[in-house]
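User: I would like to learn how to read a pair of packed helices, and then a few other features. Where should I start?

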Amino acid sequence: MTEASPERLLFASTTQSFLEKEASLGRLRELHGAGTAFEADWWRRAAELGWTSLLVPEELGGGSVSGDGVADLALVAELAGKTVAPGPLHPVSTVLAGLVEAPENHEDTIESLVSGEVVGSWAVYQPGKPWSPLDAAVTATPSGSGFRIDGVKDRVEAGAESAILLVVARSEGVVRQFLVPTDAPGVSVEPQRSIDMVKTYARVRFDGVEVDGSAAVGSAEQTSDMIARQSQIAMILQCAEIVGMLETVLDFTIQWGFDRHSFGRPLGSYQALKHKYADLKIWFEACRATTNSAVAEVASRSPGAEMAVSIAKSYVGEHAPGMLQDCTQLHGGIGVTWEHDLHLFLRRVTLYRSMFGTPEEHNLNVYALTEQLESVS
Amino acid sequence: MTETASAPTETTESVEEFAARARAWLAENMPSIDPINPPEHDRGEEAPWLRARELQTKLYEGGFAGICFPKEYGGLGLPIAYQKTFDNESRCYELPIILNTPTFTICAATILDTGSEEQKHQHISAVLRGDEVLVQLLSEPSGGSDLAGVITRAERKGDRWVINGAKTWSTSAFAADYGLMLARTDWDVPKHEGLTMFLVPIDSPGITLRRIKQVNGSVEFCEEFFDNLELGDDAVVGEVNGGWQVASRQLYHERRAVGGGSEFASGIGAEGKSDVPIDYVALLQATGQADSERAREIAGRALVHRAVREQLIDHVYHGVLDGSLPPAAGSIIRVTHADTHHLEFDSVLALSASSGVVDVGDGLIRYGERYLSRQTAALGGGTTEIARNIIGERVLGFPREYAADRGVAFNQVKRNKS
């Protein structure tokens, strides 16, 4: 990450020891065994450490240790990746990233999300469609003093654990976002399993759900920029968490190369394997470099942020799952057992590869953005 | 060996002020160019070298030569941020790009690390003035990757050294003034311990030079034959039998330079049309594929890898500087350079389709021709196999490859079957 101020180092070490104690790989297996995504009390304590306040300005009850909340949040994600931590960091951060752009009427929701009392998620995907956040089929029809929401969303992270959803919907021909409580009449939530050990998703139906006019977040004009910001936050969190995962996996796989002997030699002394290890190191440093660039661009709200994020998301998504498979190969048979921890990382990395746009989709976006830049110049 | 002595000196001028001054000076003094369509600086021709010397002299006289070289040898002694900003400001001007590698980034950098005070004063200031071009005389026809196995011999005759042997793959030696030449001075010790580096005047009697023609028709590389070439002690760089230490610095600087990670390079423009980054948008338009999702995805992926390569260069440069990565991590840049190059050439071959292999008049056959020499990016500047060994052994710390010649007197080592 970027320069380490004493405050950030302290924040990092507090976060890291909390994760090591309370979100170990053993704990992840226990949660999986119990069919639990995460424990509400655990999330409240994580929120107390400051994880949920980083994107929120001080006047709304938030604040970051370094003054660069986006970079601090990416640091939390990277540390969380080291132990494949459970929890709704991504959906809560993504919702907060939207709400702080237009906090009016939503101060209480922001406060409850920051405190960890309430979990919220972004209902953005539509069933049967790839990543296309501005293409909403759910409708919000003006009704009385508010709106009536109808339609279906899916792949809503932690949908079953969320009390509120930020729903992308079409209203009078334009895309808007609305805060909808999951206990409102007409909302039904059906869990969807993922390939991750604990992360769950949900299909959410809205059947004539009535919400107040104040449920709208931001104006129609603001919405596409807000959605872009939320998307960028979701994507850099994925990339940063993957960097944390890769670091842990590479560390123990390299150690394996020193410790494991065959034909009287350590594995890492064979050139064919040494070269594979070299590639892993190269790709890891490249993943870190491109993630750092994307985080910096998003933090500074640079006009190049969308491009930088798509570049990172494409590169990291293209390489990370294959790197995990290479590490599995380097481990030999033990690597494909349930007992070995490799699959815990492989699951999460593979999940992130394909959520919020595949590498292939981001390649198309990078091309389209390049085309736009060239037509302007 | 310590790090290259380019310790930044104090300056009162901020990077922004420096940029503004450079901007004004460049506009006033340097020929402007279209960076998309730059003048051809073919390293195989004589004229571009004369032109490069002229341009370098202008830079020197204007006070913008050797931004990261120490002041006492004619540079400006400034941190890399000043060089980067100068690179940015100079994009639309003609610069002596072909002097960057090997003259500045490898040879001058190595002389700075290992040369005598006289050599530094004489040669570093001469290259910065545009008076000298330097070249490396390392590889031999008998082998490239096993550099310490060179068999060019330097024998002591009275107070002179007499050189016999051959070197190859020296970039544009025909246009150079001096070459850093590695020769064997002791055959009775293991290979690394009997080498000495010499700084050889290229026009000396006893040197015969021949051009090498490559697959793409380029004739920039040369081979040199030494027949009783005579040199004095002042030609020795570093210690007698300490040549491997000097060569190691060259290799270190070369790996950084090849990937684009040297602070001693000035200007980032292309050397000619064939060196300009591929414009995928123009290519897709020219081939009627602007709306093809398949073609756009291939091009987008290549653009992603191109961008990440730049981000990685910056990350590794700063990682080595702050100690989070060892100096050998320069090889990460070297491998990525080749991998990105391959991906781009493969992508453009796919996108240009049959126009890349049959000349239908649209000029795209140049991409097919470029593809034919794709592997040069993985060979020149040390092979990617050696670079991966270095990453495995010196970055990750794995055991070194078995070597049959380790600890064996060189005259007992098995060599090529002739």
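Analyst: Start with two numbers. Two packed helices are described by the angle between their axes and the distance between the axes. In this predicted model, take helix H5 (residues 89-99) of chain A and helix H6 (residues 107-115) of chain A: their axes come within 11 Å and cross at roughly 150°.

User: How are H5(A) and H6(A) oriented, parallel or antiparallel?

Analyst: Angles over 145 degrees count as roughly antiparallel. H5(A) and H6(A) are therefore roughly antiparallel to each other. The crossing of H5(A) past H6(A) is left-handed.

User: Which residues of H5(A) and H6(A) meet?

Analyst: From H5(A) come A:Val92, A:Val95, A:Leu96 and A:Leu99, and they meet A:Thr109, A:Ile110 and A:Leu113 of H6(A). Sorted by class, this contact has six nonpolar residues, one polar residue and no charged ones.

User: Now the whole chain. How many helices and strands does chain A have?

Analyst: Chain A has eleven helices and ten strands. Its C-alpha trace spans about 80 × 55 × 45 Å along the principal axes.

User: What does the radius of gyration say about chain A?

Analyst: It is compared with the value for a compact globule, which for 377 residues would be near 21 Å; chain A has 21 Å, so the two agree. Of those 377 residues, 52% count as buried. As for contacts in chain A between residues at least 6 apart in sequence, 75% join residues at least 24 apart.

User: Next, a single residue. Is B:Gly63 buried or exposed?

Analyst: Count the C-beta neighbours. B:Gly63 has 11 inside 10 Å, so B:Gly63 counts as exposed. B:Gly63 sits in the loop that runs between helix H2 (47-62) and helix H3 (80-89) of chain B. B:Gly75 is twelve residues from B:Gly63 along the chain, and their C-alpha atoms are 8.6 Å apart.

User: Last, the interface. How is its size given?

Analyst: The size of an interface is often given as the accessible area lost when the parts come together. Here the description is by residues in contact: 27 of chain B touch 30 of chain A.

User: Which elements of chain B give two or more residues to the side that touches chain A?

Analyst: They are helix H8 (293-322), helix H9 (330-352) and helix H12 (384-395) of chain B. H8(B) gives the most, with 14 residues. By class, this side of chain B has 15 nonpolar, six polar and six charged residues.

Technical notes:
Residues numbered from 1 in each chain as written. Chains lettered and ligands numbered in written order. Predicted model: local features only at pLDDT ≥ 70, side-chain atom pairs only at ≥ 80, totals over all residues. Helix = DSSP H or I, 4+ residues; strand = E, 2+ residues; numbered from the N terminus. Rg over C-alpha atoms; globule rule 2.2 N^0.38 Å. Buried ≥ 20, exposed ≤ 12 C-beta atoms within 10 Å, placed from the backbone. Contact = placed C-beta atoms within 7 Å. Axes fitted to C-alpha atoms, helices over the stretch in contact; angles between N-to-C directions. Parallel < 35°, antiparallel > 145°, perpendicular 65-115°, else oblique. Left-handed = near helix turned anticlockwise from the far one by under 90°. Nonpolar A, V, L, I, M, F, W, Y, C, P; charged D, E, K, R; others polar.
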